[in-house]
Amino acid sequence: MGKPTKEKMIEMYRVMAKIRKTEQKLMEVFSNGEILGFLHVSIGQEAAPVGICSHLNEADYIATTHRGHGHAIAKGIDLKMAMAELFGKKAGYCLGRSGSMHLADKSRGIMGANGIVGAGIPIATGAAFAAKYKKTDQVVVATFGEGATGEGAFHEALNFAAIKKLPIVYLCENNGWAEFSPMSIHAPVQSVTQRALGYDIPAVSVENEVLEIYEAAGKAVERARNGEGPTLIEVRSERWYGHYVGDAQKYRDKENVAQAMAKDCLLNFEKDLLQSKVLKKQDIEKINADLDTEIEAAVSFARECPYPEASEMMEGLYL
Amino acid sequence: MKDIRYIFAIKEAMEEEMDRDENVFLIGEDVGLAGGSFGASKGLYEKFGPERIVDTPISELGFTSLAAGAASCGLRPIVEIMFMDFVTCCMDSIVNQIAKMRYMFGNQYTVPIVIRMPEGGGLNAGPQHSQCLEAWFAHVPGLKVVMAANPYDVKGLLKSAIRDDNPIIFIENKTLHAMKGSIPEEEYLIPLGKADVKREGTDVTVVSASRLVNESIKAADALSKEGISVEVVDLRTIQPWDRETVFTSIAKTHRLVVAHEAVKQFGFGAEIAAAVAEEILDELDAPIMRVGAPFVPASYSLEKYYVPGAEDVKKAVLATMERSF
Ligand SMILES: Cc1ncc(C[n+]2csc(CCOP(=O)(O)OP(=O)(O)O)c2C)c(N)n1
């Protein structure tokens, strides 16, 4: 598998920066009251979605979580339609019904963020079952946090996938916090990889660095595509901000936040790329300026689109 | 008397009952160190420690049944489910186990457990964080279902629920958590199974629970200016519900509206309407009207059209006033 090509690395950087900047923008418009409900950002965790989605085809599936913007962007979601959804507009992917917490794009295999912790894991496993059943070569990724591994859904899904050798990669982004509590409240193990042992699922734990994740994910996706069954990858990632935007994190000391922010997967990758001369300072500036333009355009589009009408509420409940 | 918010009235109820009985403990996600996702247990961890204020992994099915096991062996758990929507993850525990343990085992075991959870819309939180599922539980023999409309009620009802030897589904409403109200300084209890006439009237009876009680009172205030006198009956406990108070009110007004935030179809309003039709249909001068959400999931951007409120109650009252047999 090895290292990604130069072009691939530039694209990976661009997507990571896109996730970061999009979510920074989302925090801003959420604070303005333009986005309602709950908003969970993944700033500081951009490496994982990009590391894994770099190996996926459009036809492959990913099921995400409440903290799922990054995965959707990395899987290629159209930013305008995604933004429209987050603004609750009819032009959004889910007709304005879902907002952030259930963002989905069937055309790119994005099976949906989920408001129920752990619920996406068996659903993704079902997609892997379908892929095997239909003998497609599709691979499925289930993303979740370490907190979700307390749910029976996680254990039941892994058990089944291992028995049936399903083409799935379980991607756990262990950011150390589940809502307002540290991992010690949620699990007796130090690493989620230990959980996979009981299901005879090979598991690796990697740092929050995109190339490390890329390498581990490459092997896992290949294994899945070759019919060798599931793999679990734990990324030791960092949650920079509160559980949701607006959470003042009173339960967490400043030191812990500062440590998380010091591990900046985007900045580290940028430094790597500059040092290895894959990118020059001007290239980086250009990428970021282009992203700003793209994100602004998506926000303007979302702002201008109409909301669904009350009369449309009942549409589509049944076929 | 003192002013208190609904969420702190919940805390006071739990704290007083924990002081009173060392077998009472609280268990749930982020109830301890964090003081509860909505702040209902703020300070209790510091006071009672981790043995009695138990933080759990995200494992609703597991910790609910675990609490039931503890209850059947002499403890009195209060289980906090963060959003009512998540109680769907513990339906086996509640429906097959907790509701049946006493009866199925020939009355040998009692399961004195209170499962608290907030329901309802109001946060634009979408389809998986806005549901009102009380009717599911009211439909299961063996459970009691309590719904509190204001700070005074929530404290008195919760204390009674904790002392009750039956399993109780105790339903709060997210938009009520910040509501302020007056409560006595001294201890008080509110009996389960008894409705409360929140506002007296002579023309129409509105039977309701939780947030819709307050909405019905608003509607009644508005309608009184139009010369219509509305009696608002708060069920407080929807299973078992207080037929006597409801029937007495209808015998006075001869018109009935039932109002809840849950979807209208198969809601608890349907049971009230059916019981009235079975037993005192001849008291009615007009068809019964029901207020409830449309039969569709709550959605992120259409919530304001979805969640029923005072305006809907008003319309239903006017509709029943226009009709007669
Ligand atoms: C079944 C269920 N229980 C509880 C919640 C509330 N909740 C939302 S996110 C969350 C923490 C999830 O932690 P983790 O899986 O580690 O993901 P992270 O938020 O760190 O990305 C909790 C408890 C929920 N949405 N669904």
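1. Throughout this note, a residue is called buried under 20% relative accessible area, exposed over 50%, and partly exposed in between (1.4 Å probe, protein chains only). By that scale A:E11, at 37% relative accessibility, is partly exposed, and A:R14, at 26%, is partly exposed as well.

2. The model is predicted: local features need pLDDT of at least 70, side-chain atom pairs count only at pLDDT 80 or more, and totals for chains, interfaces and linings use all residues. Residues are numbered from 1 along each chain as its sequence is written, chains are lettered from A and ligands numbered from 1 in the order in which they are written, and side-chain values use heavy atoms, with hydrogens and water left out.

3. On the interface of the two chains: the contact (heavy atoms within 4.5 Å) takes 36 residues from chain A and 30 residues from chain B. The buried area, meaning the accessible area (1.4 Å probe) that two parts lose on being put together, summed over both, is about 2,700 Å² for chain A and chain B, with 66% of it on carbon and sulfur atoms. On the chain A side, A:I116, A:I185 and A:M313 supply 21% of the area buried against chain B, more than any other three residues. Zero salt bridges are found across this interface, where a salt bridge is a side-chain nitrogen of Lys or Arg within 4 Å of a carboxyl oxygen of Asp or Glu.

4. On the domains of chain B: the assignment, whose bounds come from an automatic or database source, gives domain 1 (2-183) and domain 2 (196-322). Their C-alpha centres lie 26 Å apart, and the contact takes 28 residues from domain 1 of chain B and 24 residues from domain 2 of chain B. About 1,900 Å² is buried between these domains, 55% of it on carbon and sulfur atoms. In domain 1 of chain B, the residues that lose the most area to domain 2 of chain B are B:N124, B:M147 and B:A149, together 25% of what that side buries. Two salt bridges are counted between the domains. The side chains of B:D153 and B:K198 also meet in a salt bridge, at 2.6 Å from N to O.

5. On the nonpolar cores, each a set of buried Ala, Val, Leu, Ile, Met, Phe, Trp, Tyr and Cys residues joined through side-chain atoms within 4.5 Å: the largest has 67 residues, and A:Y13 and A:I233 have the most contacts inside it. Helix α1 (residues 6-31) of chain A gives the most to this core, with 11 residues; helices (H or I, at least four residues) and strands (E, at least two) are DSSP runs numbered from the N terminus. Apart from this core lies another, of 56 residues, including B:M82, B:F83, B:V258 and B:A275. Beyond its neighbours within four places in sequence, A:Y13 is in contact with several residues, among them A:L266, A:F269, A:L273 and A:I287.

6. In helix α1 of chain A, A:R14 and A:E11 lie three residues apart, about one turn of the helix, and their closest N and O atoms are 3.1 Å apart in a salt bridge. In chain B, B:K159 forms a salt bridge with B:E17 at 2.8 Å between the closest N and O atoms. This pair links distant parts of the chain, helix α6 (residues 151-163) and helix α1 (residues 6-20) of chain B, 142 residues apart. B:K159 is buried at 0% relative accessible area, and B:E17 is buried at 1%.

7. On backbone geometry: most residues other than glycine have a negative phi, and most peptide bonds are trans. The bond joining B:Q239 and B:P240 is cis, with omega about -5°, and B:P240 is found in the loop between β12 (237-239) and α8 (243-253) of chain B. A:E179, in the loop between β4 (177-178) and β5 (181-182) of chain A, has a positive phi near 55° and is buried at 14%. A:Q249 likewise has a positive phi of about 55° and counts as buried at 11%.
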